[in-house]
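Try each task before reading its solution.

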Amino acid sequence: MAMDTNISESTAPQSKWRKVAYGGMQPGFDDNHTDDSFLEDMVMNANVVKRDLLKVMQDSVSISQYLCIVALVGLVWTYTLQFVLDETSLLLLDGFLLGSGFLVLLLTKEILSLNLLFHYIINVSFFTTGLYVLAPIYHTLTRSISSDSIWAVAVSLIILHLFLHDYSGSTIAAPGALKNPNLTSCVSLNASVVASVFVASLLPSRLHVFAIMLFSLQVFLFAPFVTYCIKKYSSCLYLMFSFGLMSVTLALVYTLHRLLFVLFLCLLVFVSIVCPYWLIKIQEYKFEINGPWDEAKLCFDITD
């Protein structure tokens, strides 16, 4: 009689497996059991974004453009330390950059009130005055440090600045201001400022220090905002400005040193063409699987 009972229990129909989130295991099934319908909801490459080569190359222009801006800063530093550019030339360059920045701001801003323009002018005035007052301190800041050490630190800080710089412009809100600044943006900006101070401390006069510091901070603080305004106003104008800036930078680098020209040209080609091509090619090997085993995403419907 007991044998008949065991046979009836073993031949009894097994209950259908169902997915249970809470409540423990189902009788008759292991805790890691999956049925034949488990892979029916599998989706492959659902979140993979297909990129266009031309679009990626256009996005890489912002990186190439800023590389050219930093290269121009390095050229001005070099020519200043070689006494090719004197104080008067640097001050004229500072005035030209400041006037050009305000002109771009006036032409690209859709709504620019006189109060906002006056606010910008006041801020720049305070910034310039404070920089002129601190110029004697910058002039003697690294007097006890050798020039080789200064250049090594400055180059290292510029590389750090380029590595951490926000090339998308998403954190730019106003000239010299950051919207919700993160750690990398702050470190990048501070690295460029410290590098400018180190290079300026090598100059012979206080006026020289003030002129080169004003130039450097104008570029590092205001150039990203100006280029962002141009890009927001017109994409075509932004591309024309970027290619024009690249051409001018390459021409100036060529006059300085031909080997540097070749290296810098290869760098621009690598950033603007090779890297986008690599990004498109590696998308072919992207393999992403989504299914019922993924972590659940909670969606809240908030209504009045």
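This is a predicted model, so please read every value below as computed from it.

**Exercise 1. Where does phenylalanine 210 sit, and is it buried or exposed?**

Step 1. Find helix α8, which holds phenylalanine 210.
Step 2. Check the accessibility: phenylalanine 210 has a relative value of 9%. The cut-off for buried is under 20%, so phenylalanine 210 counts as buried.
Step 3. Look for its partners. Setting aside neighbours within four places in sequence, phenylalanine 210 touches Leu91, Thr128, Leu131, Tyr132 and Ala135.
Step 4. Take one of these, leucine 131: 79 residues separate it from phenylalanine 210 in sequence, yet their C-alpha atoms are 6.7 Å apart.

**Exercise 2. Describe how α6 and α7 pack, and say which residues make the contact.**

Step 1. Locate the two helices: α6 covers residues 147-164 and α7 covers residues 183-200.
Step 2. Their axes come within 8 Å and cross at roughly 155°.
Step 3. Angles over 145 degrees count as roughly antiparallel, and α6 and α7 are therefore roughly antiparallel to each other.
Step 4. The crossing of α6 and α7 is left-handed.
Step 5. On the α6 side, the contact residues include Ile150, Trp151, Leu157 and Leu164. On the α7 side, they include Val187, Leu189, Phe198 and Val199.
Step 6. Sorted by class, the contact of α6 with α7 has 15 nonpolar, 5 polar and no charged residues.

**Exercise 3. Work out the surroundings of serine 201.**

Step 1. With a relative accessible area of 9%, serine 201 is buried.
Step 2. Follow the side chain of serine 201, which reaches the backbone oxygen of phenylalanine 198 at 2.6 Å.
Step 3. Beyond neighbours within four places in sequence, serine 201 is in contact with Tyr138, His139, Thr142 and Ile150.

**Exercise 4. At what angle do α3 and α9 pack, and what classes of residue meet there?**

Step 1. Find α3 at residues 61-81 and α9 at residues 235-256.
Step 2. These helices pack at an angle of about 35°, with their axes 9 Å apart.
Step 3. α3 passes α9 in a left-handed crossing.
Step 4. Among the residues that meet are Cys68, Leu72 and Leu75 in α3, and Phe241, Leu245 and Met246 in α9.
Step 5. By class, this contact has 15 nonpolar, 7 polar and no charged residues.

Notes: Residues are numbered from 1 along each chain as its sequence is written. This is a predicted model: local features need pLDDT of at least 70, side-chain atom pairs count only at pLDDT 80 or more; totals for chains, interfaces and linings use all residues. Side-chain values use heavy atoms; hydrogens and water are left out. Axes are lines fitted to C-alpha atoms, for helices over the stretch in contact, and angles run from 0 to 180 degrees between N-to-C directions. Helices (H or I, at least four residues) and strands (E, at least two) are DSSP runs, numbered from the N terminus. Angles under 35 degrees count as roughly parallel, over 145 as roughly antiparallel, 65 to 115 as roughly perpendicular and the rest as oblique. A crossing is left-handed if the near helix is turned anticlockwise from the far one by less than a right angle, and right-handed if clockwise. Contact means heavy atoms within 4.5 Å. Ala, Val, Leu, Ile, Met, Phe, Trp, Tyr, Cys and Pro count as nonpolar, Asp, Glu, Lys and Arg as charged, and the others, Gly among them, as polar. Buried means under 20% relative accessible area, exposed over 50%, partly exposed in between (1.4 Å probe, protein chains only). A polar contact is a pair of N or O atoms within 3.5 Å; within protein, one must be able to donate a hydrogen and the other to accept it, and residues adjacent in sequence count only if both atoms are side-chain atoms.
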